[in-house]
Amino acid sequence: MRFVFALASILGFAFLAFAPQSASARELKCAALKDIALDRAGVTKVTTETIGQASACRLQVTAKPTADSDIRIEVWIPVGEAWNGKFVQLGNGGFAGSIRTPMLQALAARGYAVSATDDGHQTDQGTDGRWAMRHPEKIADFGWRALKITTTVSKSLILAQKGVGPGKSYFNGCSDGGREALMEAQRYPDDFDGIVAGAPAYDFTHLLGYAAVEAQALMNTPGAYLGPPQLAILQAGALSACAGGEAYIRNPAACRFDPGQVACKAGQDPSQCLTEAQVAAARKIYAGLVDPRSGKTLLPGLTFGGEAQPGGWATWVTGPSQDRIGIALSNLFGNNFFKYFAFEDAGYDMLRLDLGADLDRARDKTSHDLDSTDPNLAPFRAHGGKLLQYHGWNDPAIPARSSIVYYEAVRAAVGPADDFYRLYMVPGMLHCGGGAGPGNVDWLGVLDRWVTVGEAPGPLTAASGSPFAPTPPPADGPTQLLCPYPQVASRDGAGQGSWRCVSADGGGAGAKPGRRSRVRHGRHA
């Protein structure tokens with residue numbers, strides 16, 4: 001069978017005219033896809049894999065749009081009636097470098113054709129930035145080009161195997177994958193019908209500058225380091241001030257905790273409080289990235305209440321001890337960025353970074369390729385696209401308020417946006433999942449219903465457990481009500497009432513009739 005492709009030059013790749021239509025009764029065998037011609041790319045391996053009771057074509061592709069490019073792509077296409085007619089492209093995480101095949105297999109088992117890319121380099125350490133040093137084309141591949149190429153290649157292969165293109169196309173990513181998600185909405189507004197952007201690292205270069213703020217706050221002043229005991233004191237103080245006896249803070253935006261509230265008083269046991277230097281360090285971390293010349297906040301800081309959680313600050317910010325702060329993930333990302341992306345100096349230490357001129361120099365070099373900060377989503381809206389964004393309030397990697405900053409910027413740019421853009425802030429959730437607050441939602445399923453049947457998301461139920469677990473959470477586990485921002489969950493009555501969504505000031509817009517979720521004793525009734 002011969003396939004004729006309509007060619008147009010986009011990043012040196014073949015662009016196909018994908019017209020949604022009925023599935024063809026005749027589709028190619030998986031093995032035949034090995035010979036499909038792709039401009040500056042090739043299928044390197046084809047296998048047939050089991051997905052539940054069905055099978056899927058698994059294709060591995062290498063793309064080389066520039067002389068210094070080496071982009072690996074993996075595509076899974078359910079065979080026959082196992083395909084639901086839709087396509088999902090998954091985002092990566094960290095500095096990428098690998099493809100999470102089990103996630104592709106899991107989505108293929110749900111019926112989706114699905115793909116992902118390693119973003120143009122290969123490493124098993126997601127914090128490793130050495131590949132970027134003196135490789136500007138690889139930085140461009142990581143920042144945006146591999147995303148576009150993966151979309152084009154994936155849709156080409158689906159069309160070749162099925163004889164028709166996908167009826168609906170979605171992008172789903174968290175963390176750096178969330179940055180990629182917003183990059184897709186901003187730069188390629190016609191490529192996807194719906195996008196899920198979780199905890200997006202969209203202000204990438206400022207975020208890496210904030211990693212320097214954290215390290216300098218903890219290490220550049222003697223006695224300022226915050227170890228596990230101090231993190232526990234901070235968390236307990238925040239919960240005491242703002243959680244009302246619960247394990248997490250339901251409305252962090254209304255929390256007015258200050259580290260000075262747990263500062264040591266005269267004669268107090270120093271193991272039960274924070275020293276002056278530690279209070280100052282905590283305040284700097286909560287304050288975010290501030291331009292030292294103007295005093296302007298460039299990126300918000302972390303939110304109160306999850307400091308001592310497993311997977312919290314000790315994992316991302318402080319490390320397990322002062323002599324091991326270098327293994328904290330934000331420290332690794334920050335140092336790798338300034339060494340290899342920005343300054344091309346393997347001996348550079350961000351403890352000496354000038355947060356004014358030095359950070360400007362780093363951003364001037366890399367921002368165009370890495371940041372996805374453009375708030376003008378009018379083209380994506382005009383395409384009919386839907387954007388679903390979520391962020392854990394206690395995210396220790398990417399400040400939760402940065403998602404609110406972007407949401408408000410979009411509203412300022414395009415006006416009221418509820419027709420195509422919803423944001424959910426998840427109380428008690430850490431980075432992309434986990435934490436004291438239930439945060440497990442089938443975001444892709446919510447998006448699919450919005451796109452396909454027009455069911456705009458309102459109040460949602462978040463379950464406990466990891467969103468990446470192979471099995472669903474227990475039906476009787478804890479849940480919480482999530483509300484589209486700027487609404488928050490509020491309890492009716494004293495103590496034993498049901499939960500509903502209200503405006504942030506405690507009144508006004510409640511949940512839609514018939515859609516109000518009720519929670520009793522922490523579980524939906």
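Why is helix 3 largely enclosed by the rest of the structure? Keep that in mind as you open this predicted model and follow the stops below.

**Stop 1: helix 3.** Select residues 176-187, a helix of 12 residues. From first C-alpha to last it reaches 16 Å, close to the 16 Å expected at 1.5 Å a residue. Now for the opening question: 11 of the 12 residues are buried, so helix 3 is largely enclosed by the rest of the structure. Color the buried ones, among them Asp176, Arg179, Glu180, Leu182 and Met183.

**Stop 2: the largest nonpolar core.** Next, select Leu226, Leu234, Ile285, Trp313, Phe337, Phe338 and Phe341, which have the most contacts inside this core of 60 residues. Helices that each supply at least two of its residues include helix 2 (136-162), helix 5 (228-242) and helix 8 (329-342). Helix 4 gives the largest share, 10 residues.

Zoom in on leucine 226. Leaving aside residues up to four places away in sequence, its contacts include Leu218, Leu234, Ile285 and Trp313.

**Stop 3: a second core.** Then pick Ile73, Trp144, Val164 and Ala185, which belong to a separate core of 53 residues.

**Stop 4: strands 14 and 15.** Finish with residues 460-463 and strand 15, which pair in the antiparallel sense over 4 bridges. Alanine 462 has glutamine 480 as its bridge partner. Strand 15 (residues 479-482) is covered on both faces: Thr479 and Leu481 are buried on one side, Gln480 and Leu482 on the other.

Key
Residues are numbered from 1 along each chain as its sequence is written. This is a predicted model: local features need pLDDT of at least 70, side-chain atom pairs count only at pLDDT 80 or more; totals for chains, interfaces and linings use all residues. Side-chain values use heavy atoms; hydrogens and water are left out. The expected span of a helix is 1.5 Å times one less than its number of residues. Buried means under 20% relative accessible area, exposed over 50%, partly exposed in between (1.4 Å probe, protein chains only). Two strands pair if DSSP finds at least two bridges between them. A nonpolar core is a set of buried Ala, Val, Leu, Ile, Met, Phe, Trp, Tyr and Cys residues joined through side-chain atoms within 4.5 Å. Contact means heavy atoms within 4.5 Å.
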